[in-house]
Amino acid sequence: MQPPYNYPYQHAQERKGRGLGLVLIAIGLILMIIAVVLAYMEYVNASPLDKYLGSSPSINGVLELIGYVTYKSVFIVIIAWIGSMIMARGVQSYVGQGR
């Protein structure tokens, strides 16, 4: 059975950007790991609950806690999103379909 026309390994000599692809994949993986570590550290660290809510929770403390969690979450999501985009471009460059 013949491989498809655009099979990436059919013409190995035409593939370019293999080294750049590996570098981009590594950078993307590092950013994804950083996002996971930051998310885990925020999950384990419960000090914002004590800081914002204290002994008697008020609506102001709850709103401040929601704002804190929101900006931390958005920051982590943006890091993971950028890491996944870089990793996808690295895979495309390594395989040779991103031309």
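Tyr68 and Tyr71 sit three residues apart in helix 3, about one turn of the helix. The model is predicted. A search of the whole structure gives one aromatic pair, formed by the rings of Tyr68 and Tyr71. The count of salt bridges is also one, with Lys72 and Glu42 as the partners.

Aromatic pair

- The ring centres of Tyr68 and Tyr71 are 5.7 Å apart, and the ring planes stand at 85°.
- The pair is classed as edge-to-face because the 85° between the planes is over the cut-off of 60 degrees.
- Tyr68 has a relative accessibility of 15%, so this residue counts as buried, the limit being under 20%.

Salt bridge

- The side chains of Lys72 and Glu42 meet with an N to O distance of 3.4 Å.
- Lys72 is partly exposed, at a relative accessible area of 25%.
- Glu42 is likewise partly exposed, with 28% relative accessibility.

- Ile78 is another residue of helix 3.
- At 40% relative accessibility, Ile78 is partly exposed, because the value falls between the 20% limit for buried and the 50% limit for exposed.
- Ile78 and Ala35 are 43 residues apart along the chain, and their C-alpha atoms are separated by 8.8 Å.

Technical notes. Residues numbered from 1 in each chain as written. Predicted model: local features only at pLDDT ≥ 70, side-chain atom pairs only at ≥ 80, totals over all residues. Heavy atoms only, no water. Salt bridge = Lys/Arg side-chain N within 4 Å of Asp/Glu carboxyl O. Buried < 20%, exposed > 50% of the residue type's maximum accessible area, 1.4 Å probe, protein only. Phe/Tyr/Trp six-rings, centres within 6.5 Å; stacked < 30°, edge-to-face > 60°. Helix = DSSP H or I, 4+ residues; strand = E, 2+ residues; numbered from the N terminus.
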